[in-house]
Amino acid sequence: MHKFLRTIGFSDIRKKDLEIIISDIVEHPDVMKVTKDSEENEFVEMLKEFAPGIGIKVCGSYDEDDRFQMDYYYPFFDAVTLTTQECIEVQKHAEKESYAGICDETNLGVTLIFYMQNVADYLAECQLQRKTPINGARLSALSTDGKIVLPVEKREKKNPSDYDYKDRNQLIAKAREGDEDAIESLTLEDMDTYSLISKRVLQEDILSIVTTSFMPYGVESDQYAILGEIVDVMQCRNKLSGESIYKMKVECNDIFFDVCINANDLIGEPQIGRRFKGNVWMQGSVCL
């Protein structure tokens, strides 16, 4: 069974119960979309919500006897926040008709890879043979392990020479184009930062030095370890299992995305201004 089912409120579900739920989704979906896949075969996407914006998607096709054959399913959490407006590259997974979105978000410092949610919409656009680039995505994250961390005091800039994210992003963009001066400036800046942190970490906790972070986690390319500030939080309940779920809007390295986690898997009480630290599976809908 899918590891992240517990995130959407199915922490104690058994295989037999999951089969019943999937059968119900196939027979009575909230939304069903039909299109053609990359090999011109029928592709059907169905979903059912168990809390606002939270549910399970089932993908597959109908056979000659009009019986649905499931290829795969996954839990989803629909994001409402526009996370990035960078150009998105879409690539198909090798083993099934699912896709990953890839973009170079300079604020994060790493290539952002996420599991694409709106596959049927994307395939429908491909059928129209539109070659327009995809700019922007709404990202959401599912977590099975998280904790609430207290905020750090925000210090005002003392002078214009203090760290500026916009200047750094411009340097990163130039470095990617091969600008040697930009590469040298970034290298020296990283060395100074490393030296400063090495001195501070001897007397301070790392979480009081690093306000936010975004790093790849594990062997799967769309999973990350994040630390970000909670901008908004809401609690809801899975209408089938009755389990409580937290939905949080998180700011991490100057980008915003939504995080979903089972209340039983979260240590601490989420509040605006506090920070969320956890491992997440990144999903997203590309802007078509």
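A charge sits over a ring if NZ of Lys or CZ of Arg is within 6 Å of the ring centre and within 35 degrees of the ring normal. By that rule, Lys 57 lies over the face of Phe 76, 5.3 Å from the ring centre. The charged end of Lys 249 likewise sits over the ring of Phe 256, at 5.4 Å from its centre.

Some ground rules. This is a predicted model, in which local features need pLDDT of at least 70 and side-chain atom pairs count only at pLDDT 80 or more, while totals for chains, interfaces and linings use all residues. Residues are numbered from 1 along each chain as its sequence is written, and side-chain values use heavy atoms, with hydrogens and water left out.

Now the open sheet. Helices (H or I, at least four residues) and strands (E, at least two) are DSSP runs numbered from the N terminus, and two strands pair if DSSP finds at least two bridges between them. Four strands make up this sheet, in the order β1-β2-β3-β4, with antiparallel pairing. β1 (31-36) and β4 (68-77) each have a single partner strand and stand at the edges, so one side of each has no neighbour in the sheet. On average, neighbouring strands here are turned by 20° against each other, direction ignored; axes are lines fitted to C-alpha atoms, for helices over the stretch in contact, and angles run from 0 to 180 degrees between N-to-C directions.

Met 46 has Val 58 in β3 as its bridge partner.

Two helices lie across these strands. Helix α1 (residues 15-27) lies across β2, β3 and β4, at about 115° to β2. Helix α2 (residues 119-127) lies across β1 and β2, at about 35° to β1.

Next, strand β8 (residues 134-149). Buried means under 20% relative accessible area, exposed over 50%, and partly exposed in between (1.4 Å probe, protein chains only). In β8, 12 of the 16 residues are buried, so the strand is largely enclosed by the rest of the structure.

Which strands pair with β8 in the antiparallel sense? One is β5 (residues 82-92), over four bridges; another is β14 (residues 275-286), over 12 bridges. Ile 88 has Ile 134 as its bridge partner in β8, and Leu 142 stands opposite Trp 281 in β14.

The parallel pairings of β8 include β12 (residues 255-262), over four bridges, and β13 (residues 266-267), over two bridges. Ser 143 stands opposite Ile 261 in β12, and Gly 146 opposite Leu 266 in β13.

Ser 143, Gly 146, Ile 261 and Leu 266 are also among the contacts of Phe 276, neighbours within four places in sequence left aside; contact means heavy atoms within 4.5 Å. Phe 276 is one of the residues with the most contacts inside the largest nonpolar core, which has 65 residues. Such a core is a set of buried Ala, Val, Leu, Ile, Met, Phe, Trp, Tyr and Cys residues joined through side-chain atoms within 4.5 Å.

Last, the aromatics. Rings of Phe, Tyr and Trp (its six-membered ring) pair if their centres lie within 6.5 Å; planes under 30 degrees apart count as stacked, over 60 as edge-to-face and the rest as tilted. There are nine aromatic pairs. Tyr 62 and Phe 68 make an edge-to-face pair, 5.4 Å centre to centre with 70° between the planes. Tyr 62 is partly exposed at 28% relative accessibility, whereas Phe 68 is buried at 16%.
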